[in-house]
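Here are my notes for you on this one. Keep the picture open while you read, and go through the points in order.

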Amino acid sequence: MWADWWVWGVAAIVLAIGEVLIPGFVLLGFAVGAGVVALVLLVGGPLAVWLGGSLPVLLLVFAVVSLVSWLALRRWAGVYRGQVKTFDRDINDN
């Protein structure tokens, strides 16, 4: 079951929907990881043959891609260390 591309595709979609419901770039990295694994299994090739039968290898690729994408998202859209979002006026004031 884990070697089927659609299982990873459904997991990617569910995680992406979860990211919409729980914002903060927490689940989006996992969604990207699951999407990459699904794409590799769908397209095929030597990497898909190597990944196809082994759940531990699939989980390793998922974890590595998820970590790299999560770090990239934190770098691109996150708040930097020491940076604090402050507001100096209320949007309801005229």
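**Notes on the model**

1. Let's start with W6, which is partly exposed, with a relative accessible area of 47%. The cut-offs explain the label: buried means under 20% and exposed means over 50%, so a value in between counts as partly exposed. You'll find W6 in helix 1. Keep in mind that this is a predicted model.

2. Together with W5, V10, V14, L39, L42 and V43, W6 makes a nonpolar surface patch of about 730 Å². Two elements give two or more residues to the patch: helix 1 (5-21) and helix 2 (28-43). Helix 1 brings the largest share, with four residues.

3. Now step back to the whole fold. How many helices and strands does the protein have? There are four helices and zero strands, so if you go looking for a sheet, you won't find a strand to build one from. Reading from the N terminus, the order of elements is α-α-α-α.

4. On to the inside. The largest nonpolar core has eight residues: W8, A12, A34, V37, A38, L41, L58 and F62. As a bit of background, nonpolar side chains in soluble globular proteins tend to be buried together.

5. Pick out A12 from that core and look at what it touches. Not counting residues up to four places away in sequence, A12 is in contact with A31, A34 and G35. One of these, A34, belongs to the core as well.

6. Is S69 buried or exposed? S69 counts as buried, because its relative accessibility is 12% and the cut-off for buried is under 20%. S69 sits in helix 4, which covers residues 55-77. Leaving aside neighbours within four places in sequence, S69 contacts G29 and V32.

7. Last, a few numbers for the whole protein. Of its 94 residues, 24% are buried. The protein exposes about 7000 Å², and carbon and sulfur atoms supply 71% of that area. Take the contacts between residues at least 6 apart in sequence: 58% of them join residues at least 24 apart.

Notes
Residues numbered from 1 in each chain as written. Predicted model: local features only at pLDDT ≥ 70, side-chain atom pairs only at ≥ 80, totals over all residues. Heavy atoms only, no water. Patch = residues over 30% accessible without salt bridge, like charges linked within 9 Å, V, L, I, M, F, W, Y side chains within 5 Å. Areas by Shrake-Rupley, 256 points an atom, 1.4 Å probe, with all protein chains shown as cover. Salt bridge = Lys/Arg side-chain N within 4 Å of Asp/Glu carboxyl O. Buried < 20%, exposed > 50% of the residue type's maximum accessible area, 1.4 Å probe, protein only. Contact = heavy atoms within 4.5 Å. Core = buried A, V, L, I, M, F, W, Y, C linked by side-chain atoms within 4.5 Å.
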